[in-house]
Amino acid sequence: MSLAVPELVGSIEERYAQLVRAAEALVAGEHDRATLAASLSSLVYHSLPDLNWVGFYFHEQHTGDLVVGPYQGKPACIRIPSDRGVCGAAARSLTTQRVADVHAVPDHIACDPDSRSELVVPLAIGGQIFGVFDLDSPVPNRFTEADQAGLEAIAEVLLSHVRTP
Ligand code: SME
């Protein structure tokens, strides 16, 4: 059985509202972080245009590194020190990083040379970094403020379901 990818219609806000509803329906009752991350990566990757990588990095307590979790796209960097890259900046600042042109950011880590713009949403639980939700696009300036708000809402779907040990 294949679950349908939703057909998104209307304004960008309406489309993200539909995507969030689809995400909630997809992961209803589930709490495992890998299951949530895999399902949300696939849903977002196949629902939105102009993306070449969608996935999650999880914070590893004993090293402080971000370690890759479930994703869609080409094989990516496995481990990102938290003082490096756009993902590290999101994790350190607990603030979404929206990068219009990755070539203009010296600290950007190029996992896929096709990537031209990036959005990284931090995932925090009780004020502590838990991971990041990372999206790459081959199109410069792909992510608008409306995309940021919509993708932060998708990240919230994971945070509201995940059960930590
Ligand atoms: N570009 C990211 C690294 C992760 S990949 O994009 C999948 C960064 O600079 O942290």
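Biologist: Which residues does D65 touch, leaving out those up to four places away in sequence?
Modeller: D65 touches F58, H59, E60, R79, I80, P81 and S82 once residues up to four places away in sequence are set aside. Please keep in mind that this is a predicted model.

Biologist: Where is D65 found?
Modeller: D65 sits in the loop between β1 (53-59) and β2 (66-73).

Biologist: Is D65 buried or exposed?
Modeller: D65 has a relative accessible area of 13%, and buried means under 20%, so D65 counts as buried.

Biologist: With which side chain does the side chain of D65 make a polar contact?
Modeller: The partner is the side chain of R79, at 3.1 Å. R79 is also among the residues that D65 touches.

Biologist: Moving on to β2. Which residues does V68 touch, not counting those up to four places away?
Modeller: V68, which lies in strand β2, touches W53, F56, Y57, C77 and I78 on that count.

Biologist: What separates the C-alpha atoms of V68 and Y57?
Modeller: These C-alpha atoms are 4.2 Å apart, although V68 and Y57 are eleven residues apart along the chain.

Biologist: Now the core. How many residues has the largest nonpolar core, and which have the most contacts inside it?
Modeller: The largest nonpolar core has 31 residues, and V44, F133, L135, L151 and L158 have the most contacts inside it. At least two residues of this core come from each of α1, α2, β1, β5 (117-125), β6 (128-137) and α4 (145-161).

Biologist: What is L135 in contact with, leaving aside neighbours within four places?
Modeller: L135 is in contact with V44, L51, W53, V54, S117, E118, L119, F143 and L151. Of these contacts, V44 and L151 are also named among the core residues with the most contacts.

Biologist: What does the second core include?
Modeller: This separate core has 15 residues, including A76, V86, A91 and V99.

Biologist: How does the lining divide by class?
Modeller: Seven lining residues are nonpolar, three are polar and none is charged.

Notes. Residues are numbered from 1 along each chain as its sequence is written. This is a predicted model: local features need pLDDT of at least 70, side-chain atom pairs count only at pLDDT 80 or more; totals for chains, interfaces and linings use all residues. Side-chain values use heavy atoms; hydrogens and water are left out. Helices (H or I, at least four residues) and strands (E, at least two) are DSSP runs, numbered from the N terminus. Buried means under 20% relative accessible area, exposed over 50%, partly exposed in between (1.4 Å probe, protein chains only). A polar contact is a pair of N or O atoms within 3.5 Å; within protein, one must be able to donate a hydrogen and the other to accept it, and residues adjacent in sequence count only if both atoms are side-chain atoms. Contact means heavy atoms within 4.5 Å. Ala, Val, Leu, Ile, Met, Phe, Trp, Tyr, Cys and Pro count as nonpolar, Asp, Glu, Lys and Arg as charged, and the others, Gly among them, as polar. A nonpolar core is a set of buried Ala, Val, Leu, Ile, Met, Phe, Trp, Tyr and Cys residues joined through side-chain atoms within 4.5 Å.
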